[in-house]
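Let's take a friendly walk through this structure, from its charged pairs to its helices and loops. Have the coordinates open as you read.

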Amino acid sequence: MRLAEANNAALLPENLRDDFPILAQTVHGDKPLVFLDSAASSQRPRQVIDAIVHCYEHDYANVHRGIHVLSERATDGYELARRKVKEFIGAEHAHEVIFTAGTTASINTVARSWGDANVGAGDEILLTPMEHHSNLVPWFQLAERTGAVVRHLPMTAEGLLEVDRLGEFLTDKTKLVAFTAVSNTLGTVNPVAEICRQAREAGVVTVVDAAQSAPHMATDVQALGCDFLAFSGHKLCGPSGVGVLYGREALLEATPPFLGGGSMINRVYDDRFTPADLPAKFEAGTPPIAPAIALGAAIDYLQAIGLERIHAHEQALVAQAWERLSAIEGIRLLGPSPVEHGADIRAGLVSFVLDRPHAHDIAQLLDNEGVAVRAGHHCTQPLHDRLGITASTRASFYLYNTPAEIDALADALAGVRERFKPSGRKRRRRVEDF
Amino acid sequence: MPSEEEIYQEHILDHYEDPFHQGPLAGETHAHEDKNPLCGDVVRIALKVDDASKGGAAKIVDCAFEGDGCVISQASASMLLEELCGKTVDEVEAFSAEDMLKLYGPRLTPNRQKCCLLSWRVIRQAVHSPV
């Protein structure tokens, strides 16, 4: 009872900071590090680092085939991690969880295996304007291989998918809709369950890019109703090099494997093979053993805190950032306003452009104040084109970020703009000029 | 790590706010445009090249740049054109990446060197790209 109450209480990031040794440092002399780049890759707690060290110091060997104690321990740890992921996302079976190298590898696996087997010339692949390159390029490649056509569900000017028009785009030629649960640039939280519902009714397979949602809010593939779902370990307090592809059992069973090699076979003959059962069928080669085990530790860590609390904490940080940053003259905040649409429309990141200077200069100057943000196109060039900008600056938040850090960002940003305001500077003329 | 003071020196901010020959160039004979795929910085350099038909070396008699991007990419374009305007094509080709970084001044991390060298790459293509 007391525990349940504690778990319902607001998350206090100050109490978690000690778990993240990397955050307790100063940079550029005496500036406390303000890490606001977790959407690119999060930091990881001591519990996860310890799990990696423990694996390599005590329980490491190759999995599945060794007849010795270390291999058995490593296999147990690896398969336990799979069951943790299964619980984490609400999958029906552990063998619906495929360990991959990350979200990119997961999506490419679907494109190369399910895609090549099921998509043909003239078929339609439905995407959205807010996708990460990793949820665009594999489909462009599939379209190139098969002669399929890529279409885009429209998006409003402020960055909301026009889901009420989805019906127009789910034609009898549509084979697949691939879309992100949360935009890594706009911060928009998309209505995943509604899109999946309409797609399912139209007989269209859904691929959900959960790279930006799984670390920050509860994921339930049954409630979402998706067919495939992908996310990465390194954005979720876990190690890089491991990710997850979830697929419904019937789909995975009916799909040929993509990568060929060891582990994914049942029997190999002189000139042919028969594939292994799930999940090994999609896990050719030695998998990311220690990273997967540590991903299990990351899931334990996040679930002990509670994804709902993490999400609520990030929404509060976004509300604060939105209020502070909107007050800066010459700023344009990207994505839907949480003031106008409510807190649930956004996940824990805010991207923006200033009238001056450029995103890279902003990031450089913020870095000098100890504030780490992302600058560039965030692997969403088509979205940036649509927004009429070449680059933006993104501050992204996680469970360990504090309101004081949002203030540090806003204060530093106001200083940056002030520094670059036109001040009647004149270059020293060296040669004849206009 | 270079500090803010080193990267955004006064003479660089001067070039950013008051650039050398920024805008279109009437009567351009050569031009090239490129961008920095990482950050989206874009620079187009237009040249008026005296083609040496009257004897002597081919020479940049006028030049201008248009672009969009970070302070480093745009200020370095201004500094480069100021340096090379009036020079021969041979002199443009002899102007090395190292010369460009030296002209800019402050020490840059490898990522920001790409911003600084964008216009340098563009002008080397531009002298061989008649419009």
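## A buried arginine and its partner

With a relative accessibility of 3%, R394(A) counts as buried. Please keep in mind throughout that this is a predicted model. The side chain of R394(A) forms a salt bridge with that of D37(A), at 3.8 Å from N to O. The two partners come from distant parts of the chain: R394(A) belongs to strand β17 (residues 392–396) of chain A, while D37(A) sits in the loop between β3 (34–35) and α3 (46–59) of chain A, and 357 residues separate them.

Is D37(A) buried or exposed? At 11% relative accessibility, D37(A) counts as buried, because the cut-off for that class is under 20%.

## Salt bridges within and between chains

Over all chains, a search of the whole structure finds 28 salt bridges. In general, side chains of opposite charge can pair when their charged atoms come close. One of these bridges brings together the side chains of R165(A) and E162(A), with 3.6 Å from N to O. Here R165(A) counts as partly exposed, at 30% relative accessibility.

Another salt bridge, at 3.3 Å from N to O, pairs the side chains of R112(B) and D361(A). R112(B) is part of helix α6 (residues 110–126) of chain B and D361(A) is part of helix α14 of chain A, so this pair joins two chains. R112(B) is buried, with a relative accessible area of 5%, and D361(A) is buried too, with a value of 0%. Elsewhere, D37(A), R374(A) and R394(A) are joined into one network by salt bridges that share partners.

## Helix α6 of chain A

Which residues of helix α6 (residues 137–146) of chain A are buried? They are P138(A), W139(A), L142(A), A143(A) and T146(A). These residues lie on the same side of α6(A), because they cover an arc of only 140° around the axis.

The buried residues of α6(A) pack against one helix, α5 (103–118), and against the strands β5 (124–127), β6 (149–152), β7 (174–180) and β8 (205–209) of chain A. After α6(A) comes G147(A), with a positive phi near 80°.

## Around Y78(A)

Y78(A) is a residue of helix α4 (residues 69–89) of chain A, and at 0% relative accessibility Y78(A) counts as buried. Leaving aside residues up to four places away in sequence, Y78(A) touches V63(A), H64(A), F99(A), E283(A), P287(A), P288(A), I289(A), A292(A) and I293(A).

P288(A), one of these contacts, is 210 residues from Y78(A) along the chain, yet their C-alpha atoms are separated by 9.0 Å.

## Backbone points to check

Most residues other than glycine have a negative phi, and most peptide bonds are trans. With that in mind, here are some places to look at in the backbone. C237(A) has a positive phi near 65° and is found in the loop between β9 (228–232) and β10 (243–247) of chain A. C237(A) is buried, with a relative accessible area of 0%. C379(A) has a positive phi near 60°, and its place is in the loop between β16 (374–376) and α15 (381–387) of chain A. In contrast to the buried C237(A), C379(A) is partly exposed, with a relative accessible area of 29%.

Where are cis peptide bonds found? One joins L278(A) and P279(A), with omega about -5°; P279(A) lies in the loop between β12 (273–275) and α11 (289–305) of chain A. Another joins R356(A) and P357(A), with omega about -10°; P357(A) is in the loop between β14 (349–354) and α14 (359–368) of chain A.

## A surface patch and an annotated span

I265(A), V268(A) and F273(A) make a nonpolar surface patch of about 240 Å². V268(A) is in strand β11 (residues 265–268) of chain A and is partly exposed, with a relative accessible area of 45%.

Finally, an unreviewed UniProt entry carries the annotation "domain: Aminotransferase class V" for residues 34–409 of chain A. In the model, this span is 40% helix and 16% strand, and the C-alpha atoms at its ends lie 8 Å apart.

How values were computed:
Residues are numbered from 1 along each chain as its sequence is written. Chains are lettered from A and ligands numbered from 1 in the order in which they are written. This is a predicted model: local features need pLDDT of at least 70, side-chain atom pairs count only at pLDDT 80 or more; totals for chains, interfaces and linings use all residues. Side-chain values use heavy atoms; hydrogens and water are left out. Buried means under 20% relative accessible area, exposed over 50%, partly exposed in between (1.4 Å probe, protein chains only). Helices (H or I, at least four residues) and strands (E, at least two) are DSSP runs, numbered from the N terminus. The arc is that of the directions from the helix axis to the C-beta atoms. Contact means heavy atoms within 4.5 Å. UniProt positions are given in the numbering used here, feature names are shortened, and annotations may be inferred rather than shown by experiment. Patches are made of residues with over 30% relative accessible area and no salt bridge: like charges are joined within 9 Å, nonpolar side chains (Val, Leu, Ile, Met, Phe, Trp, Tyr) within 5 Å. Accessible areas come from the Shrake-Rupley method with a 1.4 Å probe; for residues, only the protein chains shown count as cover. A salt bridge is a side-chain nitrogen of Lys or Arg within 4 Å of a carboxyl oxygen of Asp or Glu.
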